[in-house]
Amino acid sequence: MTASNRPGLAAGPVPARSEMPGQARPAGARPAPGRARKTVSLYGLTFSLPMLLWQVVFFLAPLLFLVALSFWSVRNFRMEPDFNPDNWSRMLGRSVFWEAYLRTLLLSTGAAVVASALAFPASYAIAFKLSDTARRWAIFLMVIPFFTSYLVRVYSWQIFLSDNGIINALLAKIGLGPFPMLNSTFGTMVGYLTLCLPLVILLQLFSLIFVDRTLVEAAHNLRCGRLRTVFEVVVPAARVGLTIAALFCFILTFGDFVSPLYLGGGDPPTLSILITDTTKSGQQWPRAAVVALVMIATLLVIAFAAVRFAYKERGR
């Protein structure tokens, strides 16, 4: 006799053992997947606490002070705590601010694009063509430029790029030049690449090293050309590293002060130069804080957009 036709027993599925009412869960048994609770591990919290404190002390607290400073007033060359929105209206209402903003944005975007384009062949060759020993030496050579001060490297470029410099002297021997390379956009871009190019190569390289080689071999077996394999297999697989490398270049150049001043001439100014000019004109630190906050907001928006693009799933 089945359970369906036994007297006193209702037909239907027998409840699971874990669902029987009044039954205690055996010791060590895991809860149902839908009922799992997320607990904060004291071990993980202990190791994440220093990073949290670091962000609060060195980023959040100065940022809040900068916001408060932007509303202060300057009287007789002395700052006084105040809540005066006049600093925002004065800076955001000046055409020179928006011209500097657009110029800085274009220069940083151009530097990120140029650095990424120049770095990719080098990082690709190091990742796919060199042996392990040669790759280690190449990484070591990419790190060496950071042993020298960035300011010293920029000063050395003045010797090369000036009208009577080394490059124009070499071009004069073949009847060319002199070309104005110093105090120009070209000089600024050279300084930006001096700052970022080795770092972009390293970040791209660390991403390309972990590209699955079987994907490349499968593309070749399907008679996919080398160039098409690079753009349809390698680049999508290394999208995160390539995007982060370009993002780092954009961030570093967006706030750079040295190259636009010493290689670009400082006129017309970028936002970083505008900050120094503002502080020199009557100790207007609150107005300079407005420029700095606009720069921070721009970098945060660009960074979040870039990270979202880097980790976006295909087809979405």
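Is Phe 97 buried or exposed? Phe 97 counts as buried, because its relative accessibility is 0% and the cut-off for buried is under 20%. Keep in mind that this is a predicted model.

I'll stay with the rings for a moment. The count of aromatic pairs comes to 13. One of them joins Phe 97 and Trp 98 in an edge-to-face arrangement, with 4.9 Å centre to centre and 75° between the planes. Trp 98 has a relative accessible area of 42%, so Trp 98 is partly exposed. Elsewhere, Phe 71, Phe 83 and Trp 88 are linked into a cluster by ring pairs. There is also a charge over a ring: the charged end of Arg 239 sits over Phe 309, 5.6 Å from the ring centre.

Helix α5 runs over residues 150-161, twelve residues in total. From first C-alpha to last, α5 reaches 17 Å, close to the 16 Å expected at 1.5 Å a residue. Its buried residues are Tyr 150, Arg 153, Val 154 and Leu 161. These cover an arc of only 100° around the axis, so they lie on the same side of α5. What covers them includes α6 (166-172), α7 and α11 (258-262).

That brings me to α7, which spans residues 185-208. Of its 24 residues, 18 are buried, so α7 is largely enclosed by the rest of the structure. Where is the kink in α7? The kink lies at Cys 196, shortly before the proline Pro 198, and comes to about 45°.

Definitions and conventions: Residues are numbered from 1 along each chain as its sequence is written. This is a predicted model: local features need pLDDT of at least 70, side-chain atom pairs count only at pLDDT 80 or more; totals for chains, interfaces and linings use all residues. Side-chain values use heavy atoms; hydrogens and water are left out. The bend at a residue is the angle between axes fitted to the seven residues ending there and the seven starting there. Helices (H or I, at least four residues) and strands (E, at least two) are DSSP runs, numbered from the N terminus. Buried means under 20% relative accessible area, exposed over 50%, partly exposed in between (1.4 Å probe, protein chains only). Rings of Phe, Tyr and Trp (its six-membered ring) pair if their centres lie within 6.5 Å; planes under 30 degrees apart count as stacked, over 60 as edge-to-face and the rest as tilted. A charge sits over a ring if NZ of Lys or CZ of Arg is within 6 Å of the ring centre and within 35 degrees of the ring normal. The expected span of a helix is 1.5 Å times one less than its number of residues. The arc is that of the directions from the helix axis to the C-beta atoms. Contact means heavy atoms within 4.5 Å.
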